[in-house]
Amino acid sequence: SARAMNLFNELKADYDTELAKVHTEEETAAVLEALHERSAPKVLALARNNGGIYNKAAQFVASLQGGAGDKGVPKAYVQALAVLTDGAPFKDFAVMEPVLVEEFGKKGADLFKSIEHRPLAAASLAQVHRAVTKDGETVAVKLLYPALRKEMASDFAVFRVVGSQIKPGGFDLQWLVKDFEEAITMELNFETEAKNAQMTARCLQARRDVRVPRVMDSLTCKSVLTMEFVDDMFKVNDKEAIASNHLDPRECGKLLADVFHEMALVHGHVHGDPHAGNVYLRVHKCTPKGCTPELVLLDHGLYHTVPDAMRRDLCKLLLASVSPFATRRRREALATRFAGPLFRFFPPILSPWFVFSARLTMGDLSAAAKQQLPKNVSMQDVGECLVALHDSQGDGGNMLGVLHSFGYTRGLLNFLDFPERLRLQSMIKYAIIGLLPEDQRARALKEGTGALPLTARVQLIAGDMYVYLLWLLIPVLVLMGPFLFIYEIWRGIIFFLWRLGGLNPLAWEE
């Protein structure tokens, strides 16, 4: 902790001294880049030396590259810390075995028929060993690193001090540190992870193409998590393994998109850490026509629960952003519930195609291309937007966590070269299902959309058509540039005519 505070004070003094010498935007940009380049390796060294929670914090920063991109965090930090996302150094089993003794009163050899001393994998908070139970079942045993809980209080005291001194635009973002602390506390309790895994399995029980490893309750406690061992897995972004297993990357992408969109938009149960180290593929079954994939979801320590009202509003906003029948007022009202004063930027975060349904100016787009804030956006606006996203509707719903998860999955889909059109079609499909009555939702997931009433099937077909329509219009809209208001007039005329006839194909406004 003292090492962390010393480094923070050193870097802060360096930034303050160097920035005080410059006076123009161009000079500031050049100086900042140099500061980032020489500071990032020091932060990486600190994370490696301190390990544990510091590693986890560094991984969160690095993950922004696969999620929101490197626009919010300097590229030098993202690139330097990215090495920490590939795993962590192993600890000797002699160091880890006392965890078993403390929790169960037995050594590994007495608790299991056998347990491998060399771990299968290691992360920032725990490492995993293969073992065989007394009943002969092969399992994966996740062991929490000793002393992490004891060190957490002092580590977060440092984070709070650092957070209190970083106030962009004078806006207090201490709640970000508080959120991170709550998330880590959750991840340090493997009983919580076991419950999350079981909840995920229940949500996805209608699917035969998803595997959530079964939890062994009798061998699970706060510091030890034992789950069934799933073999023949490979990372979802391993293109060579996908090809060698005769799987279609596009089919793998569709499975990934459908599963995560279903979890968020239908169940309101969002995996908080779906990076490539936690999302795997394996062959589900093979026929003469080829093989189909199975998705394996690991690491259920962090989940975001989306309140039902917020989940439904998100579904409505997605449909309003793609449908030609939605009024601008309706779209903006929904977006404001999530992003406050920066509502117009929220739909394009969900999909870049929604830029055409958002009220963005050429100045907004120009600033985005330069990785700058638009001139009419203040740091106060940014702060208020973050607060709105953090508690979107005053009911504890954390849209920041949902966006982070969506960003992760979008990054994985990009690795698979999965088209935005197909991602959006998957999103719209589950947004429509998410707004159906509960009995129809359950039926659609269990029996397929063909089992739904005709009106619901029409809604699904219409949603698919709207995405296709937008896909066809994208090149035209890009060429229209500053004349996008013509597109809005066209949408308004169509909406008026449909309403005049008493029709609302998606029924999302009710």
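Student: What share of the 510 residues in the chain is buried?

Tutor: In this predicted model, buried residues make up 51% of the chain. A residue joins that group when its relative accessible area is under 20%.

Student: Why is leucine 100 called buried?

Tutor: Its relative accessible area is 0%, and the cut-off is under 20%, so leucine 100 counts as buried. You will find leucine 100 in helix 5, which covers residues 93–104.

Student: Which residues does leucine 100 touch, leaving aside its neighbours within four places in sequence?

Tutor: They are Phe93, Gly105, Lys106, Gly108, Leu111, Ile115, Leu143 and Val224. Take Leu143 from that list: leucine 100 and leucine 143 are 43 residues apart in sequence, and their C-alpha atoms are 8.0 Å apart in space.

Student: How much of the contact in the chain, at a separation of 6 or more, comes from residues 24 or more positions apart?

Tutor: Such pairs account for 68% of those contacts.

Student: Which residues make the contact between helix 12 and helix 13?

Tutor: Helix 12 brings Met310, Asp313, Leu314, Lys316, Leu317, Ala320 and Ser321, while helix 13 brings Arg330, Arg331, Leu334, Ala335, Arg337 and Phe338. Sorted by class, there are seven nonpolar, one polar and five charged residues in this contact.

Student: Is aspartate 232 buried or exposed, and how do you know?

Tutor: Aspartate 232 has a relative accessible area of 60%. Exposed means over 50%, so aspartate 232 is exposed.

Student: And aspartate 299, buried or exposed?

Tutor: Aspartate 299 has 18% relative accessibility, and the cut-off is under 20%, so aspartate 299 counts as buried. Its phi is positive too, about 55°, although aspartate 299 is not a glycine. Look for aspartate 299 in the loop between strand 10 (290–297) and strand 11 (303–305).

Definitions and conventions. Residues are numbered from 1 along each chain as its sequence is written. This is a predicted model: local features need pLDDT of at least 70, side-chain atom pairs count only at pLDDT 80 or more; totals for chains, interfaces and linings use all residues. Side-chain values use heavy atoms; hydrogens and water are left out. Buried means under 20% relative accessible area, exposed over 50%, partly exposed in between (1.4 Å probe, protein chains only). Contact means heavy atoms within 4.5 Å. Helices (H or I, at least four residues) and strands (E, at least two) are DSSP runs, numbered from the N terminus. Ala, Val, Leu, Ile, Met, Phe, Trp, Tyr, Cys and Pro count as nonpolar, Asp, Glu, Lys and Arg as charged, and the others, Gly among them, as polar.
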